[in-house]
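Come along and follow them with the structure beside you.

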Amino acid sequence: MGAGIASLVGCAQLTDQNPSMLLPLFKFFGEETLYAQIYDPSGNVRDFHPVAENPWWSPQENQIINIAKNDEPIISFTNSRGNIYCDKRSNLIQQLRIACESREASEAFKLSAYELIGDNDQILHHRLKSIECTADELGASSAYAYRNSIAIDLTWRLLERNTVTMDASNKLALFRANVTANFKDDNLEISLGSMSTDDFTIGIDEITRIISNEMKGIKTVNQIPSKADLSNMGGADLSYNDIVQAVRMSKRQEERIAILIRSILLSPRQGIHFLENYPHNAQFELDAVNIIRQSISLIDIEDQLDVEFRMSLLIRKIISASYPMRKGETIFFFSEHLADFDLIRAQIESALLRSNSFSVNILRKEINESLNRRNSRRK
């Protein structure tokens with residue numbers, strides 16, 4: 001972790017939508033490593049941690065801001081028109097509220113914003129809304145994962161505010177990843193890992209009660225099969241219109257790309273025809289479609305094994321092209337739609353094994369369950 005004064009060098013883009021939150025990136029004098037801020041329970045900068053993201057936007061010389069530990073954090077975002085804001089949090093509260101009120105603002109953006117500037121009621125309201133949206137767009141299993149991620153965040157905050165000594169606080173920072181909070185049905189189970197309850201002035205029962213009360217408005221969601229599904233179609237049964245309808249059913253660009261790849265695997269002629277007329281232009285979709293188009297001429301469409309082999313070579317490349325905070329969703333949708341093809345399944349499993357991304361980790365259990373479901377269908 002860095003020490004001393006950190007200088008703003010740019011911001012990383014986490015999504016191609018507007019408005020969206022950006023990730024401020026910093027450097028320390030004499031270092032090349034990029035750092036992001038870590039907040040303390042009061043919302044100020046507790047520390048900095050190294051990140052692998054690259055700046056998407058860089059400030060002009062007169063826009064460079066210096067901060068240190070315990071300072072007010074720097075926040076950054078784009079509004080609905082794509083204008084970039086980057087400054088100390090207190091200077092951008094009004095602009096961020098205006099961005100949240102725009103018609104284009106997603107629930108994910110609103111939640112991120114109100115986590116920075118909202119009161120407890122506003123934060124809880126948008127957490128509930130975000131879980132509903134996650135269930136609609138990613139399915140129930142992802143909504144459960146998101147609910148657990150909120151529970152672990154609340155657990156960390158309660159523990160940080162109730163450490164007995166500075167040593168206990170440092171120990172929590174070191175072993176933070178070992179603390180878990182998971183809902184089993186509607187019962188919350190919390191584990192402190194290698195830490196002891198003696199390190200805190202609050203017990204597990206009290207933490208469980210507080211979090212359960214705060215999240216009592218969140219109801220479990222029944223698993224609903226995706227309507228965007230080509231699993232029962234193939235070869236002569238799969239028409240161009242089937243592909244178009246399946247893509248239209250999906251709200252997420254990551255799933256639409258998975259459906260496109262599946263259509264090429266099931267019926268190369270129809271799938272490639274759809275590829276040539278692919279209708280969506282979100283940035284990840286454009287990148288993925290270009291990756292596929294660059295290799296499509298090498299495919300022998302009369303040889304099913306060659307089609308699967310050629311497409312399998314693209315899977316890791318397409319996953320790498322996804323936004324860091326969407327990588328987990330990309331792997332999840334690929335497992336849902338493509339894991340019944342052996343060569344592609346191996347690439348998905350390899351990508352899952354190699355990744356330690358936060359977005360992958362919160363969906364790791366659901367991705368493995370999806371891979372197992374697909375495996376059982378093949379038997």
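**Entry 1: helix 12 and helix 13**

I looked up helix 12 and helix 13 and found them roughly antiparallel to each other. Helix 12 covers residues 327-338 and helix 13 covers residues 342-354; they pack at about 155°, with axes 10 Å apart. The axes are lines fitted to C-alpha atoms, for helices over the stretch in contact, and the angles run from 0 to 180 degrees between N-to-C directions. I noted a left-handed crossing where helix 12 passes helix 13. Left-handed here says that the near helix is turned anticlockwise from the far one by less than a right angle, and right-handed that it is turned clockwise.

Which residues make the contact? From helix 12 I listed Ile331, Phe334, Ser335 and Leu338, and from helix 13 Ile344, Arg345, Ile348, Ala351 and Leu352. Contact is defined as heavy atoms within 4.5 Å. I sorted these residues into 7 nonpolar, 1 polar and 1 charged. In that sorting, Ala, Val, Leu, Ile, Met, Phe, Trp, Tyr, Cys and Pro are nonpolar, Asp, Glu, Lys and Arg are charged, and the others, Gly among them, are polar.

**Entry 2: a note on the model**

This is a predicted model, in which local features need pLDDT of at least 70 and side-chain atom pairs count only at pLDDT 80 or more, while totals for chains, interfaces and linings use all residues. Residues are numbered from 1 along each chain as its sequence is written, and side-chain values use heavy atoms, with hydrogens and water left out.

**Entry 3: the whole chain**

I counted 15 helices and 9 strands in the chain. Helices (H or I, at least four residues) and strands (E, at least two) are DSSP runs, numbered from the N terminus. Of the 379 residues, 48% are buried. Buried stands for under 20% relative accessible area, exposed for over 50%, and partly exposed for in between (1.4 Å probe, protein chains only). The accessible surface comes to about 19,200 Å², and 47% of it belongs to carbon and sulfur atoms. I also looked at contacts between residues at least 6 apart in sequence: 59% of them join residues at least 24 apart.

**Entry 4: helix 11 and its partners**

I went on to helix 11 and helix 12, whose axes come within 9 Å and cross at roughly 145°. Ile315, Ile318, Ile319 and Ser320 of helix 11 meet Lys327, Thr330, Ile331, Phe334 and Leu338 of helix 12. By class, I found 6 nonpolar, 2 polar and 1 charged residues there.

How do helix 10 and helix 11 cross, left-handed or right-handed? I have them down as right-handed. Their axes come within 10 Å and cross at roughly 155°, which makes helix 10 roughly antiparallel to helix 11. On the helix 10 side I noted Phe284, Asp287, Ala288, Ile291, Ile292, Gln294 and Ser295, which meet Met311, Leu314, Lys317, Ile318 and Ala321 of helix 11. That contact has 8 nonpolar, 2 polar and 2 charged residues.

**Entry 5: in and around helix 10**

Is Glu285 buried or exposed? I found this residue of helix 10 buried, at 1% relative accessibility. Leaving aside neighbours within four places in sequence, Glu285 is in contact with Gln253, Arg256, Ile257, Tyr278 and His280.

Asp303 sits in the loop between helix 10 (283-296) and helix 11 (304-321). With a relative accessible area of 34%, Asp303 is partly exposed. Its C-alpha atom is 9.7 Å from that of Pro268, 35 residues away along the chain.

**Entry 6: helix 5**

I stopped at Ser169 in helix 5, partly exposed at 28% relative accessibility. Asn170 is in helix 5 too (residues 166-175), and is partly exposed at 46%.

**Entry 7: two loops**

Where is Pro19? I found Pro19 in the loop between strand 1 (6-13) and strand 2 (20-28), and the peptide bond from Asn18 to Pro19 is cis, with omega near 0°.

Asn70 lies in the loop between strand 5 (66-67) and strand 6 (74-78). I noted a positive phi of about 80° for Asn70, although it is not a glycine. At 60% relative accessibility, Asn70 is exposed.

Conventions:
Accessible areas come from the Shrake-Rupley method with a 1.4 Å probe; for residues, only the protein chains shown count as cover. Angles under 35 degrees count as roughly parallel, over 145 as roughly antiparallel, 65 to 115 as roughly perpendicular and the rest as oblique.
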